Amino acid sequence: MSNTRLQYHATGGQLFILLLKNMFLTVVTLGIYSFWARTNVQKFMAENLEWAGERFSFHGTGKERFIGFLKAAGIFIVLYIGIYIIQYILTFIPIPYFSLIVGSLLTLSLFLGLVPIIVVGGRRYLTSRTGYRNLRFGFDGKILEVAKLYGKGILLTAITLGIYYPWFFAEKEAYLQSKTRYGNTNFGFSAEGKEIFFLYLKGFLLSIVTFGIYYSWFLADIQNYIWNRTSFQGKNFRSDITGGKIFVNFIIAYLIILFTLGIGFAWAVVRLTKLFIESVSLEAEVDFSTISAQPDTTANATAEGLEALAETLEAFLS
């Protein structure tokens, strides 16, 4: 196996024990342990991922995630109380449904306004806690820039009934990758919305014609396209996964879960994760002598807390 190809060393047994522990403690603590559970899984993933003879690491903690969630809840409560007060004051204006409409618009604006904060803050947190060869990753994106990018993308995607999404995806990934770095060296990404559009169109049509069978080949096309246009130090990544491999492994994973009555879920996940990860390589070795540390000491888990809070509210309301 090439020294520039990613390797994944996890086993189904290890993941099974970890998931069992996470599930038990999450239930016993009435959900509080979920912050530690998520961190445990990310540490497991990182520590079993190897490139060029070195393994990755994850340094986040459940405690900081839990504190981030509490901070996010406090921020959300304060903002929601503010909206409620404004809505109450507006009830004295004798216009039918005026306060209700304004309150609904303010609530919608609040949730939309959280999107760039979650994107930037969440990515800053995850990258700053991920390490390789004693150096950390980082993200230098700005909330205002992401707000403009997402605002334009979401609006045009809605207006065009989804047609603009490939162009939005290309712009979004180019921005996020260009602002993501390892040490002081940034990644690169170059893609064309038109190319992604035809990949999605082909995948959608052929998946319908083949009653979903082609979906595995669609996934392969998307993974290969994204990785083949991602670079680091001017060196391109490569992905050589095939639809046939994905299809066969999906079938095997399904049978494992089916015949073990769900117990084999961990083995199925490891099998599929290994397939996707080990298809990725870098065309040449990295020159680590030119990379120096650039730690992000201000990144915290509050944005992740906002995301977790939003997911909790969504689950509660659905």
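Where does UniProt place the feature "transmembrane region" in this protein? The record, an unreviewed entry, gives residues 15-36, 66-89, 95-120, 149-168, 197-220 and 246-270. UniProt positions are given in the numbering used here, feature names are shortened, and annotations may be inferred rather than shown by experiment.

A word on the basis. This is a predicted model, in which local features need pLDDT of at least 70 and side-chain atom pairs count only at pLDDT 80 or more, while totals for chains, interfaces and linings use all residues. Residues are numbered from 1 along each chain as its sequence is written, and side-chain values use heavy atoms, with hydrogens and water left out.

The overall picture, then. The protein has 11 helices and 10 strands; these are DSSP runs numbered from the N terminus, with helices being H or I of at least four residues and strands E of at least two. Along the principal axes, the C-alpha atoms fill a box of roughly 75 × 50 × 45 Å. Of the 318 residues, 40% are buried, meaning under 20% relative accessible area with a 1.4 Å probe, protein chains only (exposed is over 50%, partly exposed in between).

Residues 197-220 are 79% helix and 0% strand, with end C-alpha atoms 15 Å apart. For residues 246-270 the figures are 80% helix and 0% strand, and the ends lie 13 Å apart.

Next, helix 9. Which residues of helix 9 are buried? They are Gly243, Ile246, Asn249 and Ala253. They sit on the same side of helix 9 because they cover an arc of only 130° around the axis, the arc being that of the directions from the helix axis to the C-beta atoms. These residues pack against helix 8 (215-228) and helix 10 (265-277), where contact means heavy atoms within 4.5 Å. After helix 9 comes Leu261, with a positive phi near 55°.

Last, Thr180, in strand 6 (residues 180-182). Is Thr180 buried or exposed? Thr180 is buried, at 7% relative accessible area. Leaving out residues up to four places away in sequence, Thr180 touches Arg123, Thr127, Gly138, Phe139, Thr185, Asn186 and Phe187. A polar atom of the Thr180 side chain also lies 2.6 Å from the backbone oxygen of Leu176.

Methods:
A polar contact is a pair of N or O atoms within 3.5 Å; within protein, one must be able to donate a hydrogen and the other to accept it, and residues adjacent in sequence count only if both atoms are side-chain atoms.
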